[in-house]
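Thank you all for coming; I would like to walk you slowly through one structure this morning.

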Amino acid sequence: MCGIIGYIGPKEAADVLIDGLKRLEYRGYDSAGVAVLNGGGIEIERAEGKLTKLEAKIGKHKPHGHLGVGHTRWATHGVPSERNAHPHRAGDVVVVHNGIIENYEALRKGLLQKGCRFRSETDTEIFCHLINEELKEHKEIAKAIRSALKKVRGSYAIVVLYAKEPKKLFAAKSGSPLVLGFGDKEALVASDVPALLPYTRDVSFLEDDEFAILEEGHLSVFDEKGHPKPAEKTHIDWNPVMAEKAGFKHFMLKEIFEQPRVVEQTLMGRVQLGSGKLTLEGIEKVFGKKGFPFKKIEIIACGTSYHAGLVGKYWLEQLAHVPTVVSLASEFRYAEPLIGKETLVISISQSGETADTLAATKMAKEMKAKVLGICNVLGSSLGRMADNTLYTHAGPEIGVASTKAFTGQLTVLYLLTLEIAKRRDKISKTELIKKINEVRSAPQYLEKILENADAIKKIALGCKEAPHFLFIARGPHYPLALEGALKLKEIAYVHAEGFAAGELKHGPIALVDKGVPVVALVPPSDTYEKILSNVEEVKARGAYTIAEGEVGDKHLADKVDAVIPVPKTFYSITPLLYILPLQLFAYYIADAKGCDVDMPRNLAKSVTVE
Ligand code: M6R
């Protein structure tokens, strides 16, 4: 939610800011703006809508200068408009902000009484006025900012530009992410790593309540008491090209096609063909050297990560025999969950910055549970909060619709299940080697599915005008039905629902009418016949039936209107494969409808507000 960037160095600040905003635009695209400081003062350009609008507005009259801040907005307080677009300014103070100020009404009232005049409806403008007020007492800008921050309740990441300090930028955070970049004779700060990659791969993640001062080629970090502290450097092994489209029409399509490599990389170094050895980095920090010291598992996550957790539950219960509950992080927090020392909490988040997941994780820690994170972003808040984190090596995921992160999460969950099963003596060495070999073969099967993308496109386009879609499945594929429906809703704006196929007759079947597309996931399994019966039931009521099933399954092909073949593989890894056609299905429908696939309306990639 909202992307911010700051730059100081020899380059034209506006170029770096716009380029950075392009890489952060997945975080919000209601409006965008930049502020650049030069000899003539502060120049601010803002525009409602996507970044292209701002670029068009700036045109050839780019603000010149070597110090500036930029912002791309996902609106919270105040409608999306130029007036509410960041950067905000009061006097010599310019601020960009990501987060929500909870006590903003009270602060605004106080500032109005002091004679401040507000130009926007945002909570962010509070910062500008508060800092100006503090400047009356503290001559030093850094002190004024820190003092202003003490009055604010809520979450924030801010970058401040002060016209009277033309060689410095100031940054602070609490609850929202901020990462500092060490460039050559330059310094940067941004909401997320991809914005920094063209300039540096040496970064430092600012902690809550820390404060940073950026100067050309120099970064100083201060702790919550204002004492200087060394900035902890992390080298990022992502490269800038990974955050580009590489010839694909959309990031989402590129990311779908990256999945064989994502699974490969997530497995790399953790398992080997023909060996029962599993290496899950740092796992002993949570499990101890041997055994499994927990009675149950609680998985917490949101959206697509929640669906990955649901698949994980099937694996953890069936293969490792551990009772597992999966909760939406936003519900978990308000539900008095029964957890404690005997519970392993697994928090799953692509970004590691989802506010609900972080709050639920914090609560789990307060209740003395051990927390294992599954995350894609090194240095993210979840990574720092969890007792240990297993990373999905998916590379930067830019498309708002999560795809490759999901397969990465499934891969880690599968390995984790095997590790727990091994520690609990629920799996023999032979069986473990077999299961590891199975998952090692997933990338080649995913490649095969991608070779069939044109056929999937044809099927998708055949029903692109349908206003409703149903997805049905059973067992570990049921969460995929939910995920397939979520993809279609969020990028194609059509009504889609995922159901456990056995539940159809308890109500949802009333939705089936002539021509309603029903997508059924029918891999060979113990419930194969049962789900075929469900397919018959919807067909008898006029549904247009599409089935994902094993390649060469003639019996299935005879029963449905269209088949998406999935390579023959081992049952336990089928969830990793069956999701891919559903992602493509949603993508082709959304693209054919002319939807903005990478930036769907009303959404943002990282949901950093509750
Ligand atoms: O970064 P996270 O995995 O914590 O994000 C959770 C959800 O916001 C996310 O999966 C969302 O549902 C995606 N847009 C789905 O495609």
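This is a predicted model: local features need pLDDT of at least 70, side-chain atom pairs count only at pLDDT 80 or more; totals for chains, interfaces and linings use all residues.

Is V159 buried or exposed? Its relative accessibility is 0%, and because buried means under 20%, V159 counts as buried. Beyond its neighbours up to four places away in sequence, V159 touches a set of residues that includes I4, G6, V69, V94, L169, F170 and V189. A190, for its part, is 31 residues from V159 in sequence, while their C-alpha atoms are 8.8 Å apart in space.

Now to the largest nonpolar core, which has 92 residues, and in which F469, F471, L488 and F585 touch the most other members. Helix α20, residues 574-592, supplies the largest share of this core, namely 13 residues, and the core draws at least three residues from each of domain 2 (248-440) and domain 3 (451-602). If we set aside the neighbours within four places in sequence, the contacts of F469 include L488, V494, P517, F585 and I589.

Next comes an open sheet of 5 strands, paired in parallel in the order β22-β21-β23-β24-β25, where β22 (495-500) and β25 (562-566) are the edge strands, each pairing on one side only. Strand β24, residues 544-550, is joined to β25 by 5 bridges, and G549 stands opposite P565 in β25. Finally, helix α20 lies across β21, β23, β24 and β25, running at about 145° to β24.

Conventions:
Residues are numbered from 1 along each chain as its sequence is written. Side-chain values use heavy atoms; hydrogens and water are left out. Buried means under 20% relative accessible area, exposed over 50%, partly exposed in between (1.4 Å probe, protein chains only). Contact means heavy atoms within 4.5 Å. A nonpolar core is a set of buried Ala, Val, Leu, Ile, Met, Phe, Trp, Tyr and Cys residues joined through side-chain atoms within 4.5 Å. Helices (H or I, at least four residues) and strands (E, at least two) are DSSP runs, numbered from the N terminus. Domain bounds come from an automatic or database domain assignment. Two strands pair if DSSP finds at least two bridges between them. Axes are lines fitted to C-alpha atoms, for helices over the stretch in contact, and angles run from 0 to 180 degrees between N-to-C directions.
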